[in-house]
Structures are given as structure tokens and as C-alpha cells.
Amino acid sequence: MRAFTYQRAQSPAEAAAAAARTPGARFIAGGTNLLDLMKLEIESPQHLIDVNGLALDKIEATPGGGLRIGALVRNTDLAADARVRKDYAVLSRALLAGASAQLRNKATTAGNLLQRTRCPYFYDTNQPCNKREPGAGCSAIGGYSRNHAILGASDACIATHPSDMAVAMALLDATVETVKPDGATRTIPIADFHRLPGGTPHIEHALTQGELITSVTLPKPTGGVHIYRKVRDRASYAFALISVAAIVLPDGSGRVALGGVAHKPWRRPAADASMNQGARAVAERLLDGAKPSAESAFKVPLVQRTLAAVLADAKKGG
Ligand SMILES: Cc1cc2nc3c(=O)[nH]c(=O)nc-3n(C[C@H](O)[C@H](O)[C@H](O)COP(=O)(O)OP(=O)(O)OC[C@H]3O[C@@H](n4cnc5c(N)ncnc54)[C@H](O)[C@@H]3O)c2cc1C
Ligand code: SF4
């Protein structure tokens, strides 16, 4: 690990301003992703701004009937919150499907959204990787690609986003609230927060230099049956091969999101609009344009079958 300087931020605005004026600065929250990346020298920030002392650890009702989740709310606390379990069960289930209890005790809402891909070449500094080093090439294309994207990928990168929580947040139409270094705040719809790789896979989200996430807001509850089903190589402590998040209302309408298939949680309005036409129609629309490699081709039938099982279970009440 390279040497770095460290400060504890006293307020969100101060944290953002410090990040903007200090070259090579990064925020640190739970540290469960960033510290691993630093030890492997995939990321070498020169300055860490510890945001753990900021009062961003509350879950509060919003005037619009939703919930505002502070950026520092730990994954364990969010999953266990009675309001989340009752009204946003898909989020609670997605969180509990991720990592381990020990990691969830440290991991924060903002850090989870910003965790980086698990592409093995990204972690192997001996291998070319456009995300680590723009222009270097992509080792996964034509290489080991079993865990990689089948949708929305590019010639530069076929990595997936690893977060379970983000898939549920996308399904729930969450919004991400931030403060910028000049003190201005903004709200980013989750659909616009994570980016597809295109020609710049190292740019993964909509935040600008120094911009700090302060909270994530959920709109008022939709009701319906909430399901999060994660398919992985072993039953716990493994990232998703694919995951399906769904909300199904009593009349059969609803919405669906996929994880493990793209550089961001995957939703398609046309898929949601076809929820009353059966799982095959929904899968067809979600998977429209899928371009798997020979190794990741199994994800297409896996999505189709998992989606069919999820929608059948939803009909029975979850
Ligand atoms: C062995 C292992 C297994 C795992 N399995 C899963 C899994 O199955 N599913 C899953 O979803 N996750 C899994 N994870 C990932 C884990 O959920 C993330 O590491 C964690 O959520 C990151 O949160 P953190 O607070 O520790 O982030 P940190 O490591 O502190 O930070 C991550 C990134 O977020 C930035 N950041 C943090 N807070 C803010 C803020 N307020 N504003 C702007 N930027 C910020 C940091 O600068 C950094 O770039 C696993 C992790 C490990 C180590
Ligand atoms: S898929 Fe993306 S992260 Fe993986 S090697 Fe290629 S460029 Fe790097």
C-alpha cells in the first residue's frame, strides 16, 4: 500500500470542498472495498477523507411518504429497519443476499453503490484492463468471461456492476442526493447514476470530482409482492451470476430489474409494460440485444428461468 494522508471531515460541504481541492483525494466510509483496492494498488489515493463522523446515518420519513436513507447507514441497519422490511422488502432481501454479516455491519449505502467491479482482470495488475488503465485493452474480451456482462457492454469493457443493493434501488426508482464542492446540492435519479461502459469504462457514475453522496431517497411504497432472487455459484458469500428483483401488484402489473448482467442494474420500460403478458414476454424485452460470449451464454436461459420462477412465486404471494 502507498503512503497517504488522512483527515476526518466535519461536515458534508467541508468534505466535498476538501476532496475537490486536494489532488488524489478519496472519501472513505466502511472501507470494505476501497481498502482492498488500495492494498492491491489498483487505487492509490494520496489523501483519504473519512466521512464516518458526518451525521448521515439516519433513516427518515420524507414528506412525500417515502424514506430518506443517509449515505452512512450501514447495510445491516438498512436491511433490518422495520419500515424497509415492511414497505421495501425487495431492498431488505437484496441487502441480506450480499456479502457477509461482518461486511454488512461496515458497508454503507453510498459505498455499496460505488463499489467497483469484480472482473478478475481488474484486480490483476499484470493484465491489461481499460477500466484500470484507459487505453490498455480489455483482457476479458476473448478471455475468461463467464461472470461478465451480456447486455449494454462495449468493445472496451464487458464488466458487470456487483452490487445487490443497487438492483433493488433501481427497481424502487430511488434518487441519489449529493453535495458538490461549492455547496450546491443535486438529486440524481438512480437510472442515471451508474453508466454503461462505452469508450470510457473508468467513468462509472454521474458524480463529479469531490461530489459527496449525502443520502438516497425512496419514493412512497408501491405495495405488491417483493422478491429478490440471486443465483450464484455457492449459497452464500458470493457475488451474483445473475439476480432478478421484482415487484408484482395484485393485478399482475409491476416492474423488474436484473443484476449481474450489465455495467449497471438493468431495467427496461418495455419489460415492465409487458408484466401482464407472462414471463417469456418480460424476459424477451429485458434480454433484447443481449450479446453474451460463449462462456457467459448460460446467463440468457438462467435469466429466463429465474424470472419465470420469480413471477410464478409472486402470483402465489411471494
Ligand atoms: C469478500 C466480499 C464479498 C462481498 N460480497 C458482496 C455481495 O455479494 N453483494 C454486494 O452487493 N456487495 C458485496 N461486497 C461489497 C460490499 O458490499 C462493498 O464493499 C460495500 O458495500 C462498500 O461500502 P463501504 O462503505 O465499505 O465503501 P468504501 O470501501 O468505504 O468506499 C467505496 C467507494 O465509495 C466511495 N464513497 C464512500 N462513501 C461515499 C460518499 N458518501 N460519497 C461519495 N463517495 C463515497 C469511496 O470513495 C470509494 O470509492 C462484498 C465485499 C467483499 C469484500
Ligand atoms: S471487462 Fe472491464 S474491468 Fe474487466 S478487463 Fe475488461 S476493461 Fe477491465
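Author: A helix here is a DSSP run of H or I at least four residues long, and helices are numbered from the N terminus. The model is predicted.

Reader: In which helix is the place of Thr-306?

Author: Thr-306 touches Arg-229, Val-231, Ile-242 and Val-244, leaving out residues up to four places away in sequence. Its own place is within residues 299-315, and that stretch is helix α13.

Reader: Is Thr-306 buried or exposed?

Author: Buried means under 20% relative accessible area. Thr-306 has a relative accessible area of 7%, so it is buried.

Reader: Which backbone oxygen does the side chain of Thr-306 reach?

Author: An α-helix has 3.6 residues a turn, so residues three or four places apart point the same way. The side chain of Thr-306 spans 2.6 Å to a backbone oxygen, that of Leu-302.

Reader: Now the sheet. What is the order of the strands in the open sheet of 5 strands?

Author: The pairing is antiparallel. β4 (59-61) and β7 (185-189) each have a single partner strand, so they stand at the edges. Read across, the order is β4-β5-β8-β6-β7.

Reader: By how many degrees are neighbouring strands of this sheet turned against each other on average?

Author: Direction is ignored for this angle.

Reader: How many bridges join β6 to β8?

Author: β8 pairs on both sides. With β5 it runs antiparallel, joined by 4 bridges. With β6 it also runs antiparallel. There, the number of bridges is 5.

Reader: In β8, which residue is the bridge partner of Thr-175?

Author: Start from the β5 side. Glu-60 has Arg-68 of β5 as its bridge partner. Arg-68 in turn is partnered in β8 by Thr-217. Thr-175 has its β8 partner in Thr-217.

Reader: How many of the 7 residues of β8 are buried?

Author: β8 is largely enclosed by the rest of the structure. Helix α1 (residues 12-21) lies across β6 (175-179) and β8 (212-218), running at about 130° to β8. Of the 7 residues in β8, the number buried is 7.

Reader: How many of the 8 residues of helix α5 are buried?

Author: The buried ones are Ala-89, Val-90, Leu-91, Ser-92, Ala-94 and Leu-95. That leaves α5 (residues 89-96) mostly covered. The number of buried residues is 6.

Reader: How far does a polar side-chain atom of Asp-164 lie from a nitrogen atom of ligand 1?

Author: Asp-164 lies in the loop between α8 (120-123) and α9 (165-171). At 7% relative accessibility, it counts as buried. The distance from its polar side-chain atom to the ligand nitrogen is 2.7 Å.

Reader: With the side chain of which residue does the side chain of Asp-164 make a polar contact?

Author: Asp-164 touches several residues beyond four places in sequence, among them Ala-94, Gly-98 and Tyr-228. A polar side-chain atom of Lys-230 lies 2.9 Å from an oxygen atom of ligand 1. The polar contact of Asp-164, at 2.8 Å, is with the side chain of Lys-230.

Reader: How many residues surround ligand 1?

Author: The closest are Arg-26, Phe-27, Gly-31, Thr-32 and Thr-108. A polar backbone atom of Ala-99 is 3.0 Å from an oxygen atom of the ligand. The number of surrounding residues is 33.

Reader: What is the phi of Glu-41, about?

Author: Most residues other than glycine have a negative phi. Glu-41 is not a glycine, yet its phi is positive. It lies in the loop between α2 (34-39) and β3 (47-50).

Reader: What relative accessible area does Asp-173 have?

Author: Asp-173 sits in the loop between α9 and β6. Its phi is also positive, near 55°. It counts as partly exposed, with a relative accessible area of 40%.

Notes:
Residues are numbered from 1 along each chain as its sequence is written. Chains are lettered from A and ligands numbered from 1 in the order in which they are written. This is a predicted model: local features need pLDDT of at least 70, side-chain atom pairs count only at pLDDT 80 or more; totals for chains, interfaces and linings use all residues. Side-chain values use heavy atoms; hydrogens and water are left out. Two strands pair if DSSP finds at least two bridges between them. Helices (H or I, at least four residues) and strands (E, at least two) are DSSP runs, numbered from the N terminus. Axes are lines fitted to C-alpha atoms, for helices over the stretch in contact, and angles run from 0 to 180 degrees between N-to-C directions. Contact means heavy atoms within 4.5 Å. Buried means under 20% relative accessible area, exposed over 50%, partly exposed in between (1.4 Å probe, protein chains only). A polar contact is a pair of N or O atoms within 3.5 Å; within protein, one must be able to donate a hydrogen and the other to accept it, and residues adjacent in sequence count only if both atoms are side-chain atoms. A residue is near a molecule or strand if one of its heavy atoms lies within 4 Å of it.
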